[in-house]
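Here's a quick briefing on charged side chains that pair up. Have a look at the sequence and the fold before reading on.

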Amino acid sequence: MLTFAYPWLALITPLPIAVWLLLPAHASNRTGLRVPFFGRLAALSGQTPHLGGVIAPRRTLPLFVLILCWLLAVAALARPQWIEPPLHQDRPTRDLLLLVDLSGSMDTKDFVDASGKTVDRLTAVKQVLDEFLSRRKGDRVGVVVFGDAPFVLVPFTTDLELSRALLRDTVVGMAGPRTAFGDAIGLGIGLFDRSTVKAKTIIALTDGNDTASKVPPVEAAGVARDRGIVIHTVAVGDPTAAGEDKLDEGALKEVASTTKGGFFRALDRSQLAEIYQRLDEIETRKIDTVSFRPKRDIYWMPLAAGLSLSLLLQALRMLRRRYLRAALRINDLAISKGAP
């Protein structure tokens with residue numbers, strides 16, 4: 001579809017007519033023949049001499065080309081644009097951050113995978129997370145791992161394949177043996193500082209009580225709530241365990257309720273998979289589809305057309321002059337041969 005960026009410039013189209021009506025005609029001096037008997041010639045002809053000018057005849061073709069070139073120049077000034085077919089782009093409207101516990105207790109083998117094999121807690125978490133991320137579309141996902149301290153494994157990205165690949169490479173203890181859950185929440189809050197989307201969600205997976213944080217998890221959750229971040233907590237492992245492996249379900253529930261999130265308990269892999277199905281339902285995919293139609297400037301087309309017409313007219317004039325000169329030479333040659 002053709003459109004113009006400055007259609008109001010069409011108002012200057014009749015400007016040459018205004019110039020022709022309002023401005024005086026161009027005057028130029030021309031040589032003439034003076035005779036002593038001019039008065040007698042005027043009397044014999046019955047005409048009264050007066051001052052005037054000679055109007056040169058204007059040919060139709062040059063006038064037509066001149067008008068057309070002016071119209072093309074105005075069209076180029078109006079900046080014609082060709083609107084391409086619409087393009088649709090899906091923009092993520094949610095930032096989803098995963099907090100993954102890599103403390104030593106995640107090495108406990110009390111989960112059964114899909115094949116019936118007993119695996120450690122981290123392996124089961126990674127398998128279910130991989131399936132969960134494979135279904136996420138339209139979200140930016142980030143990953144924070146924590147042990148003695150939290151670390152950013154993957155900053156927010158729409159490249160979910162990258163997130164899945166880096167998660168598969170995590171191992172127990174790579175961030176330290178203890179659990180700094182509160183600090184992990186704090187680091188996650190900092191990652192959301194540059195986020196411009198409306199929905200901000202944290203899914204935290206941990207199997208141990210907080211033993212290494214400088215900021216208690218509940219206080220960190222209060223800061224997250226004030227910044228519009230929802231935290232879902234997933235307790236992984238045996239709730240009857242003691243010591244470092246003990247689950248602090250009270251703290252996890254309080255963190256979730258403070259931010260109006262959900263608390264989930266995963267005693268085996270099947271329950272963990274069900275949790276992610278429920279999270280997938282709660283955290284529905286929100287995609288903001290933006291449609292736009294690219295515009296391609298084609299002002300060069302009327303300019304090229306005007307230039308081509310002008311050059312063609314000049315070429316025709318040159319050919320006509322050469323033809324007249326050649327005809328005049330032939331005529332002179334014929335006269336000179338016919339003279340006695």
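Is Arg168 buried, partly exposed or exposed, and at what relative accessibility? Arg168 comes out as partly exposed, at 44% relative accessibility. Keep in mind that this is a predicted model. Side chains of opposite charge can pair when their charged atoms come close, and here the count comes to nine salt bridges.

**Arg168 and its network**
- Arg168 makes a salt bridge with Asp130, with 2.8 Å between the closest N and O atoms.
- This pair links distant parts of the chain, since Arg168 sits in helix 5 (residues 160–168) and Asp130 in helix 4 (residues 121–134), 38 residues apart.
- Asp130, Glu161, Arg164 and Arg168 all belong to one network, joined by salt bridges that share partners.
- Asp130 has 18% relative accessibility, so Asp130 counts as buried, because the cut-off for buried is under 20%.

- Arg140 is partly exposed at 24% relative accessible area, whereas Asp95 is buried at 0%.

- Arg79 meets Asp297 in a salt bridge of 3.1 Å, N to O.
- Arg79 lies in the loop between helix 3 (60–77) and strand 2 (80–83), and Asp297 in strand 13 (residues 295–297), so the pair ties together parts 218 residues apart in sequence.
- Arg79 is partly exposed at 31% relative accessibility, and Asp297 is partly exposed too, with 27% relative accessible area.

How values were computed:
Residues numbered from 1 in each chain as written. Predicted model: local features only at pLDDT ≥ 70, side-chain atom pairs only at ≥ 80, totals over all residues. Heavy atoms only, no water. Salt bridge = Lys/Arg side-chain N within 4 Å of Asp/Glu carboxyl O. Helix = DSSP H or I, 4+ residues; strand = E, 2+ residues; numbered from the N terminus. Buried < 20%, exposed > 50% of the residue type's maximum accessible area, 1.4 Å probe, protein only.
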